[in-house]
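Here are my notes on the model you sent. Please read them with the structure open.

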Amino acid sequence: MSRPIVLIPSCTKAIGGLTFDTVGRKYSAAVAEVAECQPLLVPLGQSMADISAVLDVADAILLSGSLSNVEPRHYSDELPLDPTTVDRDRDALTLPLIRTAIERKIPLFAICRGFQELNVALGGTLHQAVHSVDGHNDHREPTDEDFEIKFGPKHQVRLEGELKAWIGKDQLTVNSLHGQGINKLAEPLIAEAFAEDGLVEAVRAPAGNAFSLGVQWHPEWRPQDNPASVALFRRFGEAARGRTAKGHAA
Ligand SMILES: N[C@@H](CCC(=O)NCCCC(=O)O)C(=O)O
């Protein structure tokens, strides 16, 4: 049997004055090597936004992290703190894609920006700068050039519910590379991990969705070295295989 198809929406990147659709290799590699599925990158742009066509081939969806931020107009009347960080084409694809994927119970794994998109798509709001909010810690990455340090362990999260059962622990040490974070949790989501400052670090869609998980940290970074990341990507792969086996009947 062919491997299940995992869609990964791209990010917009300007290189040498031209527009490119990009996805960090670590996301597709984790899908291929740990979840054992076939990643399929989805381009952005108005003329390429036939969500229904894209979902017809999807066994699952992975929403990657990105240096860009969800444009605040999707959750408030605030302006972006830094307008150069918006990626309107990514928002235009991912926000409706998430809503349809949840409706159709398509397995979804949302990482960092993806986690923030999941919350916004379902009606939640974000802090644009968590480090400026009273009572919150600075969750941004160290400025060190060394990726081992940037993506290295940063803080503990307390796990609850299904996620705690999936990982088999009630505490996990995670990396942390984000300036934004969940402010108001979207009504349908269940928070299942919390940082020491109370920031929501993982969310799950309600029961009935095979695997709909968002995490604020980066399990795709060297997943093979981290049993919790392996457990999450394997479970995600199983959910995608379950959907293939049903012939997308869900
Ligand atoms: N810009 C948002 C999201 C942070 C994020 O997704 N970082 C990923 C960095 C690039 C990568 O490793 O894919 C924020 O700052 O909160």
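1. Basis. The model is predicted; local features need pLDDT of at least 70, side-chain atom pairs count only at pLDDT 80 or more, and totals for chains, interfaces and linings use all residues. Residues are numbered from 1 along each chain as its sequence is written.

2. The sheet. Nine strands form an open, mixed sheet in the order β4-β1-β5-β6-β13-β12-β11-β8-β9. The edge strands, β4 and β9 (171–174), each pair on one side only. Neighbouring strands are turned by 20 degrees against each other on average, direction ignored. Pairing needs at least two DSSP bridges between two strands.

3. β1 and β4 run parallel, joined by five bridges. Ile5 stands opposite Gln38 in β4.

4. Helices on the sheet. α3 (residues 88–103) packs on the sheet and touches β1, β4, β5, β6 (108–111) and β13 (212–215). Its direction makes about 145 degrees with that of β1. α4 (residues 113–121) lies across β5, β6, β12 (200–204) and β13, at about 115 degrees to β6. Contact means C-beta atoms, placed from the backbone, within 7 Å. Axes are lines fitted to C-alpha atoms, for helices over the stretch in contact; angles run from 0 to 180 degrees between N-to-C directions.

5. Helix α1. Which residues of α1 (residues 25–33) are buried? They are Tyr27, Ser28, Ala30 and Val31. These cover an arc of only 160 degrees around the axis, so they sit on the same side of α1. The arc is taken from the directions from the helix axis to the C-beta atoms. Arg25 and Glu33 are exposed, on the face turned away from the buried side. The cover over the buried residues includes β1 (5–9), β4 (38–42), β5 (60–63) and α7 (227–245). Buried means 20 or more other C-beta atoms within 10 Å of a residue's own, exposed 12 or fewer.

6. Thr19. Thr19 lies in strand β3 (residues 18–22). Thr19 counts as exposed because 11 other C-beta atoms lie within 10 Å. Leaving aside residues up to four places away in sequence, Thr19 touches Thr12 and Ala14.

Key:
Helix = DSSP H or I, 4+ residues; strand = E, 2+ residues; numbered from the N terminus. Contact = placed C-beta atoms within 7 Å.
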